[in-house]
Amino acid sequence: MRETATRRAGLNQELIVATAIGLADEGGLDAVTMRGVGQRLGATGMALYRHVANREKLVELMIDRVAGEYAYPDPRPALWRDALEALAWQDWRSFYAHPWMLAATATARPPLGPNLIANMEWALASFDGLRLEPQEQLYLLGVVTSHGHGLGMVWLGGAEVPDVKATTGWWRDRLRESDACPRLNALATALGPEVDVHQEFEFGLARILDGIELHLVRR
C-alpha cells in the first residue's frame, strides 16, 4: 500500500506518457487504455484524467514524445538530398524502436504535436532555394516518407516483429516449390541466410532520391 500511495503521489503527465509508450511497445497501440496505464502505475483511470484529458490526447502525446526523441538533426544538412535522407532514416529508426508509430502516423490526419510540427517544418525547409511550388514540395516529401511507412508496414506492421531469418527461409522454401518458374527458383537460390531489411530500405530510398534529382533537373 505504501508503494502504491507513493506512485500515485508522483503521478504526472510525463510518467503517464512514458508508461503508455511502454505498453504500446509491448502490445501495440490497442494495448494502450487509460485503465491499463492506470493499472501499470498503480492508479485508477480517473486519476490519470487529472493529467491527460482522454486516450486520444494520450496517443497524441505519445507520438509527439517519440517525434522529439527522433527529431531531425540540427543543423540540417545543407543539400536537399542529404536532408531528405537524414529525415527518412530518423523516421525508419523510430518505427523500429516503436512499431506502433507506423499505424499511428500513417494517416491523412496524424496528431500534430509541437515536435511533429517542428519536424515537418524542418522537412519542408529542405526544399529551400529549389523554387518548387508548395504542393510540389508536399508531394515530394510524401514520396520519401511513404517509402518508410510502406516497407515498415511489411516488416513491422503485424502483431509482432517478424523473425527476419525465419521469414527469409519461408520465402526461400516457397519459391523453390515453384518448379515451373525458373526466375523464382533463381531468386530462391540467390537469397542469403537473412534478408537485410535496412539495406532494402537504403536501396529503395536511394532510388527515390535519384528520381527526385531527375525531376529537379528536368524542371
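Colleague: Which helix holds both K57 and E60?

Modeller: This is a predicted model, in which local features need pLDDT of at least 70, side-chain atom pairs count only at pLDDT 80 or more, and totals for chains, interfaces and linings use all residues. Residues are numbered from 1 along each chain as its sequence is written, and side-chain values use heavy atoms, leaving out hydrogens and water. Helices (H or I, at least four residues) and strands (E, at least two) are DSSP runs, numbered from the N terminus. K57 and E60 are three residues apart, about one turn, and both lie in helix α5 (residues 55-69).

Colleague: What is the N to O distance between the side chains of K57 and E60?

Modeller: The pair meets the salt bridge criterion, a side-chain nitrogen of Lys or Arg within 4 Å of a carboxyl oxygen of Asp or Glu. The N to O distance in the K57 and E60 bridge is 3.3 Å.

Colleague: Is E136 buried or exposed?

Modeller: E136 forms a salt bridge with R219, with the closest N and O atoms 2.9 Å apart. That pair links distant parts of the chain, 83 residues apart: E136 is in helix α9 (residues 134-156) and R219 in the segment after α12 (197-218). The classes rest on relative accessible area: buried is under 20%, exposed over 50% and partly exposed in between (1.4 Å probe, protein chains only). R219, at 49%, is partly exposed, whereas E136, at 16%, counts as buried.

Colleague: Why are D210 and R207 separated by about one helical turn?

Modeller: These two residues form a salt bridge whose closest N and O atoms are 2.9 Å apart. The separation is about one turn because, in helix α12, D210 and R207 are three residues apart.

Colleague: Which residues does S94 contact, leaving aside neighbours within four places in sequence?

Modeller: S94 sits in helix α6 and is buried, with a relative accessible area of 5%. The side chain of S94 reaches the backbone oxygen of D91 at 2.6 Å. Contact means heavy atoms within 4.5 Å; beyond those neighbours, the partners of S94 are V66 and Y70.

Terms used. A polar contact is a pair of N or O atoms within 3.5 Å; within protein, one must be able to donate a hydrogen and the other to accept it, and residues adjacent in sequence count only if both atoms are side-chain atoms.
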